[in-house]
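Here are a few notes to read with the structure open beside you. Take them one at a time and find each piece as you go.

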2 protein chains.
Amino acid sequence: MPGFTTRMMNSSNLPPSPLETVADCILAVHGGAGALSRESPSNDGNLDECRAALEAALRAGYAEWQKSGATSVDAVLAAVCCLEDAPCFSAGKGAAFARDGRIEVDAAVMDGGTHRAGAVAGLTTVKNPIVAARLVMDRSAHVMLIGPAADAFARQHGAEIVDPAYFRTELRWRLLQEELCKPAGAPDAHPESRLGTVGCVALDARGNLAAGTSTGGMNGKLPGRVGDTPIIGGGTLADNASCAVSATGEGEYFIRAVAAHDIAALVEYKGLSVAEAARIVIHDKIKPAGGKGGAIVLDRRGNLAVTFSSEGMYRGYITRGGKSRVMIYRDF
Amino acid sequence: MPGFTTRMMNSSNLPPSPLETVADCILAVHGGAGALSRESPSNDGNLDECRAALEAALRAGYAEWQKSGATSVDAVLAAVCCLEDAPCFSAGKGAAFARDGRIEVDAAVMDGGTHRAGAVAGLTTVKNPIVAARLVMDRSAHVMLIGPAADAFARQHGAEIVDPAYFRTELRWRLLQEELCKPAGAPDAHPESRLGTVGCVALDARGNLAAGTSTGGMNGKLPGRVGDTPIIGGGTLADNASCAVSATGEGEYFIRAVAAHDIAALVEYKGLSVAEAARIVIHDKIKPAGGKGGAIVLDRRGNLAVTFSSEGMYRGYITRGGKSRVMIYRDF
């Protein structure tokens, strides 16, 4: 497809990692760096479902983007809600389980024009966590609310509430059992299953950027654990002065690296392209520290960079003209 | 005192703001930018108590720093525990109340040498929240734990547990009542009371930086609200490549600005001094956006910058040679 280039990087002794760049992009999505190994039996039939969900999210975001007066935040909400509703991704329905068999979800959204932001962590009853994050941004004096109080706030402001059982899927339940039953010290049967997240970056007609991210967190996490997703500057950031970022991966590494803001700072303070900045943070900083993951990064000129250090990353983008592309692994 | 300079800045039409710099500093503390107006009757007797608590925290951190093998993280823990135990600051005992009359506390710590970090939010029973943050850093695979699960984790790993009533002080209870009883739209009787936090930055003999911050949050906050304190990159950051930062102020503005990491990025990527970087973020970015507060910032050469845009900020530092200084307002 014109405008879409994949450059293979070959640093260290690892297989080449993709650094994809797209021009004239107005919206990109990811479904996490937690793509199961392409040989995994758990993948049977799952890949088609993931591709369809990514395409549907791109279309939902694009439809919103085309509406008169719609903002990049509106487009992000539409796309992320789609991804949350898709059971194949670990966010909203299909979220990963914590060690105690419960599901706690986190999300954040940020408006690059105003720097307004909303974030939630530890929700258990809000169907679309990204909606709760936006309500915190729009209807409270705060940026971040956590736990049952955040569920209550979202409910009071009209968010759709579900029974916690709504989030449960058999795939995620099985992945938790495998995690809990493995002998101490044994390697993860599905290490990639730890990396589930969904996210979106968008650019509206007025040149405003926005970013949103939503997650069920890490399979088998301790109850109460919060990753990088709802951390403004960690997994989510939007700033018209630099770029919009939605990250995915081993959240602890992304928090310590303040990954999303570090990408933005390299763009703003060092004058790097979004591609160079994303490469440095994901591949030169976080990967050597031991953290796998990726990010989608969009600037105000419509330059999109997508990169990841995991085996795959569910991802897609759509251009101003409506051309879309969806990928999962490095080569397809 | 030699080595301590206060430069008054006079940008825009506002009264000059201090930008204090100290050379050869090894540890600095703050008790928040929430110093009550010096005319406030609530201040009677309070100032002496605050000064004594700051001095005690400096001495505790310094004593730890002098021990063979002690790290900057050890010094931060010693100083912050002191400040948490002092009822005059809104962290640990003396923390601010949420709107529902409960006290929920947050804290974070970060090691600038390893980038390891720990953070907790929404604790209600751990006497020293900074200890819980360190336990998350040292004893879990995670960076951030929230809510009752975080209390339980800290308890399981030996943190001292208290009845929630332990945190209560009459001053903070009265400030909550004033907040709840004021007519809708009326200005805050004690706007500075919203800014309570404590924090510390330190540099050890091996040249490793560390930062820690702890808070009860904003007086009258919504239950479940989390400010910048436990957000790595927001209110707390340490990175040997740049500096250690502990911020205080209207947390929402500091989260949106990713304040601590922005200061560090200006140091690392633009080559600015800690003083210049702190000035830009606190006075040129966050203040014009509407947010009051301040920060203490220390680099590996022992250069300390202290700045704030509020009426006062409880603060102090100690040099390698053990010389200390404590201040509250701009001039004393």
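**Notes on a helix and a sheet**

1. Keep in mind that this is a predicted model. Let's begin with helix 1 of chain B: its face turned away from the buried side carries the exposed residues B:Asp48 and B:Gln66.

2. Now for the other side. Among the buried residues of helix 1 of chain B are B:Leu47, B:Cys50, B:Leu54, B:Leu58 and B:Trp65. Looking down the helix axis, you'd see the buried residues fall within an arc of 170 degrees, so they line one face of the helix. An α-helix has 3.6 residues a turn, so residues three or four places apart point the same way.

3. Nine strands make an open sheet with mixed pairing, ordered 15(A)-14(A)-3(A)-7(A)-8(A)-4(A)-5(A)-6(A)-9(B). Strand 15 (324-329) of chain A and strand 9 (225-226) of chain B are the edge strands, each pairing on one side only.

4. Zoom in on strand 4 (residues 105-111) and strand 5 (residues 117-123) of chain A: they run antiparallel, joined by five bridges. One pairing to look for is A:Ala108 with its bridge partner A:Ala119.

5. Helix 4 (residues 147-156) of chain A packs on the sheet, where it touches strand 5 and strand 6 of chain A. The direction of helix 4 makes about 120 degrees with that of strand 5 of chain A.

Notes:
Residues numbered from 1 in each chain as written. Chains lettered and ligands numbered in written order. Predicted model: local features only at pLDDT ≥ 70, side-chain atom pairs only at ≥ 80, totals over all residues. Heavy atoms only, no water. Buried < 20%, exposed > 50% of the residue type's maximum accessible area, 1.4 Å probe, protein only. Helix = DSSP H or I, 4+ residues; strand = E, 2+ residues; numbered from the N terminus. Arc of directions from axis to C-beta. Pairing = 2+ DSSP bridges. Contact = heavy atoms within 4.5 Å. Axes fitted to C-alpha atoms, helices over the stretch in contact; angles between N-to-C directions.
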